[in-house]
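Student: I am new to this structure. Could you walk me through how to read it?
Tutor: Gladly. Have a look first, and then we will take the features in turn.

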Amino acid sequence: MPPQPASLFPSFPSADQQQYQVQIHLAVQRVLGSGCFILGEEVAAFESEFAAFLGVKHVVGVGTGTDAIELMLRALEIGPGDTVIVPSFAPSAVAAGVMRCGAEPVFADVEADTLTLCPKSLDAVLRSAAGLNVKAALAVHLCGHPADWETLQCVADEHGIILLEDCAQAHGARWHGKMAGSLDRAAGFSFYPTKNLAALGDAGAVATNDAYLAERLRLIRQYGWRQRYISETTGVNSRMDELQAAILRAKLPSLHESVHRRRKLAARYDERLNSIEMVAGPKERTGCEHAYHQYLVRSKRRDELVLHLRQAGIPVAVPYPAPLHWQPAYGGTAVLPESDRAATEMVSLPLHPHLSDDAVEFVCDAIERLNHATC
Ligand SMILES: Cc1ncc(COP(=O)(O)O)c(C=O)c1O
């Protein structure tokens, strides 16, 4: 009897929690026994362990990945009157984080192959940005694929702006051997429960090699306090809690292994989907290691494919069906053809480290059936 879809496709947060239940139980007991729940020893230990994982000098734990974007911009003294360029095919959090520091997000297009910030589009937006005080661009390593860092860096340098990383989907990705999150000035991370490194609630972090920036981030995350009750600078409340830090510490030692498993499943999808005409799998740029937070395929028949896979009991998702430049809150007049096309063609297939090889075969068989039935 063929395997039943429901058991083939466990949800990632539940399967992850099950996998680490003993370690999570111990971590929670440790925190409960400590009597300290916010910004204590667990947060400090996680910050230094995650910094070692990334190969950076400092990690500052904050409340969420959106806060990480806001705080890294604030720490760089970017705010009202400034503009930050972000890719349009990305989650709302990217624009929200920019707006929370008071700056204005302006959108650029993504590359067709990797769905990451397109250097040509960034250059075009910067050339047409007369009158805007553009301070930075935020390159999102979407789905776990590193953006074209060297080319983006050239464009950023030419225009005198700062290039920042959004690694919310890229824990464990590499760019020419360097971990995503260590490529330049600062990088934001989210540990939302679906991320490659997942908390059991909200949590985020900023990684940097800049000691001054790290110090500013530590002040800003808690009311601008160095000394309790004395606000040295304007700050917010965006603290990582001890329970989330302890849970992240329990999972961090397996992160390389779980990304390896994601890559193995992705390689099998690549192999099978390569010969199926109606879909095109993701591409990995030479020198990059995709962390496969998500496995997105492109299809001109996306909606039909989604319906077919859902009818077969396969949990697929349609990522970012409205690019940011279309959205009422951020809408402008930009023409960004690759973001528009991605919004109508991409579908996310099931992929996480707790998925079996059989699950991938089941999905590919289902796509193959639709492809055959309609060729
Ligand atoms: C690329 C990207 N940036 C930022 C965020 C924001 O993270 P959080 O949900 O922790 O605020 C997310 C999370 O969805 C994300 O995927």
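**Reading the model, feature by feature**

Tutor: Start with helix α10 (residues 242–251): 9 of its 10 residues are buried, so the rest of the structure largely encloses this helix. Buried means that 20 or more other C-beta atoms lie within 10 Å of the residue's own; 12 or fewer means exposed, anything in between is partly exposed, and C-beta atoms are placed from the backbone. Helices (H or I, at least four residues) and strands (E, at least two) are DSSP runs, numbered from the N terminus.

Student: Which residues of α10 are buried?
Tutor: They are Glu242, Leu243, Gln244, Ala245, Ala246, Ile247, Leu248, Ala250 and Lys251.

Student: What covers the buried residues of α10?
Tutor: The cover includes α3 (21–34), α4 (41–54), β1 (58–62) and α11 (255–273). Contact here means that the C-beta atoms of two residues, placed from the backbone, lie within 7 Å.

Student: What kind of model is this, and how are residues numbered?
Tutor: It is a predicted model: local features need pLDDT of at least 70, side-chain atom pairs count only at pLDDT 80 or more, and totals for chains, interfaces and linings use all residues. Residues are numbered from 1 along each chain as its sequence is written.

Student: How do I read the confidence?
Tutor: pLDDT is the predictor's confidence in each residue, from 0 to 100. Where pLDDT is low, the predicted coordinates should not be read in detail. In this protein the mean pLDDT is 96, and 98% of the residues reach 70 or more. Confidence is lowest in helix α1 (residues 5–8), with a mean of 86, and highest in strand β9 (residues 204–208), at 99.

Student: Which residues come nearest to the ligand?
Tutor: Near means that a residue's C-beta atom, placed from the backbone, lies within 6 Å of the molecule. Of the 15 residues around the ligand, Gly65, Thr66, Ala93, Ala168 and Ser190 come nearest. Two elements give two or more residues to this shell: α5 (65–75) and α6 (92–100).

Student: How does the shell divide by residue type?
Tutor: It has 7 nonpolar, 6 polar and 2 charged residues. Ala, Val, Leu, Ile, Met, Phe, Trp, Tyr, Cys and Pro count as nonpolar; Asp, Glu, Lys and Arg as charged; the others, Gly among them, as polar.

Student: Is α5 mostly covered or mostly open?
Tutor: Mostly covered: 11 of its 11 residues are buried. Among them are Gly65, Asp67, Glu70 and Arg74.

Student: What should I look for in phi?
Tutor: Most residues other than glycine have a negative phi. Glu77, which follows α5, has a positive phi near 60°. Leu115 also has a positive phi, near 60°. Leu115 sits in the loop between β3 (104–108) and α7 (119–127), and counts as buried because it has 28 C-beta neighbours inside 10 Å. Tyr292 has a positive phi of about 45°. Its loop runs between β10 (288–289) and β11 (295–298). Tyr292 counts as buried because it has 29 C-beta neighbours inside 10 Å.

Student: In what order do the strands of the 7-strand sheet lie?
Tutor: Strands pair if DSSP finds at least two bridges between them. The 7 strands form an open sheet in the order β1-β9-β8-β5-β4-β2-β3, with mixed pairing. The edge strands, β1 and β3, each pair on one side only. Neighbouring strands are turned by 25° against each other on average, direction ignored. Axes are lines fitted to C-alpha atoms, for helices over the stretch in contact, and angles run from 0 to 180 degrees between N-to-C directions.

Student: How many bridges join β4 to β5?
Tutor: 5 bridges join β4 (residues 134–140) to β5 (residues 162–166), and the two run parallel. Val140 has Asp166 of β5 as its bridge partner. Helix α8 (residues 149–159) packs on the sheet and touches β4 and β5; its direction makes about 145° with that of β5.

Student: What about the 3-strand sheet?
Tutor: This open sheet has the order β7-β6-β10, and its pairing is antiparallel. β7 (178–179) and β10 stand at the edges with a single partner strand each, so one side of each has no neighbour in the sheet. 2 bridges join β6 (residues 174–175) to β7. Trp175 has Lys178 of β7 as its bridge partner.
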